[in-house]
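Hello,

Keep it open while you read.

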Amino acid sequence: MALTTKQVFTVLRTVNHPKENKDIISLGMVQELEIEGKKVSFTLVFPIDTDPNIETVRKACVQALEKEIGDIEIRGNIKVKALKKEEDHSAMGKVKNIIAVASGKGGVGKSTVAVNLAVALANTGAKVALLDADIYGPSVPKMLNIENERPQVIKENGQEMIIPIEKYGLKTLSIGFFVNPDDALIWRGAMATSAIKQLLLQAKWGEIDYMVVDLPPGTGDIHLTMVQTVPLNGGIMVSTPQEVAIADVKKAMSMFHQKTINVPVLGVVENMAWFTPEELPDNKYYLFGKDGAKNFANEHGLSLLGQIPIVQGVMESGEKGVPAATDTDSILGKQFSKLAKNVIEAVNIRNDELPPTEPVQITRK
Ligand code: ADP
């Protein structure tokens, strides 16, 4: 006897979606059913492509049909369709430009530059986010004086979403809120990659023009997770003028330029470029040599986005949790405003000249 639609529907009515606890026919998940002799094919429609039950439901359909009808060709004939892709839904959907601040080694002022760049970008009226991904020394909470705050978590469409903390006109989150500094580094590393993904994809960032990411120094798992999870617009390399710092920057930069990663470097920031006593703002003392990072930028055809002097106030403002860039009239405030302007220009040029960066696909065999 020929197989009928009704028979198939009756069997599929016994298959439940585990989370909804209802059968897949009542949920309207079975569509485009076709029967040709023994061959039965249909499409299972899920609301979202990240539904963890997709495979379970598909297998349950095959099993139920084979058991109840027996002589049937069903394996390989069930298509799966999702009404929404996670990206449409994801936290990063409205984040326009993601800028990674990187350095060859620690202590060159990468976090100081990232925080003040973010503040200076926000001072231009742009909507700015700052993500602290520096697992080795998450310093953003201290620099923004939010060490004692904890981001709230709310539930939205069945998913937990983190609410970034707002300070100085920025939306910010730090890996420091989620990874215990007392844990061993190796454990922190493992936690950090999943924590970073959550901070990117499960936070309510909303509309953002520039997201500044403070990466750990050097290269490592966090960098790889970043480039696999989101499309980075570009990287900014921070270095002091010394030869040793520059040599390490070269290594870190080569990661961005690797063929598989292919994230453009927007330019270089020379930090601690000279020392200026606050009471003698026109005097410059080149403590770490002159123009090291500037020359490096020239040699590699990169823009020098900014030169930030050593000013005692930087350290103090870092300790107090009031970034120097909040005072736009100070020596540093002015330098960071210039930096922000150059970064905006570099991002615009990059967006005009190059296609959007694709997140890196790592394929495992
Ligand atoms: P990194 O993120 O590269 O490890 P930080 O931004 O944490 O470096 O800076 C290291 C230390 O140097 C901090 O104490 C910071 O206040 C200080 N520092 C950074 N840049 C300057 C600067 N331009 N002038 C004075 N001190 C600075």
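The axes of H1 (residues 5-12) and H2 (residues 54-68) cross at roughly 125 degrees and come within 9 Å. Axes here are lines fitted to C-alpha atoms, for helices over the stretch in contact, and angles run from 0 to 180 degrees between N-to-C directions. Helices (H or I, at least four residues) and strands (E, at least two) are DSSP runs, numbered from the N terminus.

H1 contributes Val 8, Val 11 and Leu 12 to the contact, and H2 contributes Cys 61, Ala 64, Leu 65 and Glu 68. Contact means heavy atoms within 4.5 Å. Six of these residues are nonpolar, none is polar and one is charged. In this scheme Ala, Val, Leu, Ile, Met, Phe, Trp, Tyr, Cys and Pro count as nonpolar, Asp, Glu, Lys and Arg as charged, and the others, Gly among them, as polar.

A note on the source: this is a predicted model, in which local features need pLDDT of at least 70 and side-chain atom pairs count only at pLDDT 80 or more, while totals for chains, interfaces and linings use all residues. Residues are numbered from 1 along each chain as its sequence is written, and side-chain values use heavy atoms, with hydrogens and water left out.

Strand E4 (residues 39-48) pairs with E5 in the parallel sense over six bridges, and Thr 43 has Lys 79 in E5 as its bridge partner.

The protein chain is divided into domain 1 (5-84) and domain 2 (95-353), with bounds that come from an automatic or database domain assignment. Their C-alpha centres lie 48 Å apart.

Next, another sheet. It is open, with eight strands in the order E10-E11-E7-E12-E6-E13-E14-E15 and mixed pairing. Its edge strands are E10 (165-167) and E15 (304-310). Neighbouring strands are turned by 25 degrees against each other on average, direction ignored. E14 (residues 265-275) and E15 run parallel and are joined by five bridges; Phe 275 has Ile 310 in E15 as its bridge partner. Helix H8 (residues 243-257) packs on this sheet, touching E6, E13 and E14. Helix H11 (residues 331-353) lies across E6, E12, E13, E14 and E15, running at about 165 degrees to E15.

Which helix packs with H8 at an angle of about 40 degrees? The partner is H9 (residues 292-299), with the two axes 11 Å apart. Their crossing is right-handed. The contact is made by Ile 246, Val 249, Lys 250 and Met 253 of H8 and Gly 292, Ala 293 and Phe 296 of H9.

Regards

Key
Two strands pair if DSSP finds at least two bridges between them. A crossing is left-handed if the near helix is turned anticlockwise from the far one by less than a right angle, and right-handed if clockwise.
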